[in-house]
Amino acid sequence: MKKGAELVAEHLLQQLKDGSYAEGERLPSVEALAKQYQVGRSTIREAQSALKAMGWLDIRHGGGTFARRPEHNSVEQLLSSLADMDSLRSLIEARKLVEIGSAALAARRRTEQDLARMSSCLKRMEQHLEDEEKSQQDDLQFHVYLAEASHNPILVPMLAMFHQECAKHMGSTRRMWLFGESDSTLQLLKEHQLIYEAISLQDEALASLRMDEHLTKVEMMLNAR
């Protein structure tokens with residue numbers, strides 16, 4: 001998290017803890033908070049996304065942001081997930097090395113059945129833009145379907161293992177940073193659609209390029225925190 005957002009999150013967290021905002025009470029708008037803290041609206045949204053992941057806020061898209069009390073020891077869970085960031089970065093690096101080539105193979109060897117499964121997964125991703133947990137599952141499932149479209153018996157279990165590990169490490173970290181705002185989720189959907197289109201066209205070079213661009217953006221988002 002960037003320093004400005006971190007400071008805002010710390011101050012808001014203290015207010016939530018000391019009862020300045022009662023459970024269920026609506027917080028000021030993003031614009032009002034940005035003016036109060038003299039920061040940009042994106043900084044406020046980042047801070048709120050962090051507090052949402054920690055269980056202290058309920059963000060309703062188009063409906064406002066409300067105070068809540070964590071049901072579990074969410075702060076400690078979040079700190080634990082942050083300790084896994086190095087492992088997650090290593091996984092993304094490994095995925096880039098393998099999945100760029102896998103995308104090219106998928107473009108060369110995909111069948112109509114493979115395309116149908118990937119297309120169905122993309123439709124589910126679009127339906128689940130506002131559902132963080134299902135968005136994560138759809139994202140990972142798309143990559144598994146892509147690996148299966150390569151029809152390489154060694155690649156499939158290898159990539160399945162990578163994605164199982166990613167799912168294990170991402171948890172609240174992914175929800176906080178990749179699915180914290182609907183525009184981030186929509187961007188990820190568009191990137192998967194571009195990968196699918198290249199595979200559908202059987203353009204190996206373009207499929208590899210799209211996969212490289214997608215995973216590089218994910219890597220950059222993680223490195224920026």
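A salt bridge is taken here as a side-chain nitrogen of Lys or Arg within 4 Å of a carboxyl oxygen of Asp or Glu. In this predicted model, the side chains of Glu 148 and Arg 117 meet that description, with 2.8 Å between N and O. Glu 148 belongs to helix H7 and Arg 117 to helix H6, so this pair ties together parts that lie 31 residues apart in sequence.

Asp 138 counts as buried because its relative accessible area is 7%, which falls under the 20% cut-off. Arg 124, at 27% relative accessibility, is partly exposed. Shared partners also join Asp 114, Arg 117 and Glu 148 into one salt-bridge network.

Altogether, the structure holds 10 salt bridges. One of them pairs Glu 99 with Arg 95, and its closest N and O atoms are 2.6 Å apart. This pair sits within helix H5, and because the two residues are four places apart there, about one helical turn separates them. Glu 99 and Arg 95 are both buried.

Helix H6 deserves a look of its own. H6 has 16 residues and reaches 23 Å from its first C-alpha to its last, close to the 22 Å expected at 1.5 Å a residue. Which of its residues are buried? They are Asp 114, Leu 115, Met 118, Cys 121, Leu 122 and Met 125. These residues cover an arc of only 125° around the axis, which puts them on the same side of H6. On the face turned away from that buried side, H6 carries the exposed residues Glu 112, Gln 113, Lys 123 and Gln 127.

Leaving out residues up to four places away in sequence, Phe 142 touches Met 118, Cys 121, Leu 122 and Met 125, together with His 192, Ile 195 and Tyr 196. Phe 142 is also listed, with Met 118, Leu 146 and Ile 199, among the residues with the most contacts inside the largest nonpolar core, which has 20 residues. Two or more residues of this core come from each of helix H5 (85-109), helix H6 (112-127), helix H7 (132-149), helix H9 (182-200) and helix H10 (204-223). Apart from it lies another core, of 19 residues, including Val 8, Leu 27, Ala 34 and Ala 67.

What does Arg 69 contact beyond its neighbours within four places in sequence? The partners are Leu 16, Lys 17, Glu 23, Gly 55 and Trp 56. For Leu 16, the separation from Arg 69 is 53 residues in sequence, while the C-alpha to C-alpha distance is 8.3 Å. A polar atom of the Arg 69 side chain lies 3.1 Å from the backbone oxygen of Leu 16.

Most residues other than glycine have a negative phi. Gln 38, however, is not a glycine and has a positive phi of about 55°. Gln 38 is found in the loop between helix H2 (30-37) and helix H3 (41-53), and at 75% relative accessibility Gln 38 counts as exposed. His 151, likewise not a glycine, has a positive phi of about 55°. This histidine lies in the loop between H7 and helix H8 (155-177). With a relative accessibility of 42%, His 151 is partly exposed.

How values were computed: Residues numbered from 1 in each chain as written. Predicted model: local features only at pLDDT ≥ 70, side-chain atom pairs only at ≥ 80, totals over all residues. Heavy atoms only, no water. Core = buried A, V, L, I, M, F, W, Y, C linked by side-chain atoms within 4.5 Å. Buried < 20%, exposed > 50% of the residue type's maximum accessible area, 1.4 Å probe, protein only. Contact = heavy atoms within 4.5 Å. Polar contact = N/O pair within 3.5 Å; in protein donor to acceptor, adjacent residues only side chain to side chain. Expected span 1.5 Å × (residues − 1). Arc of directions from axis to C-beta.
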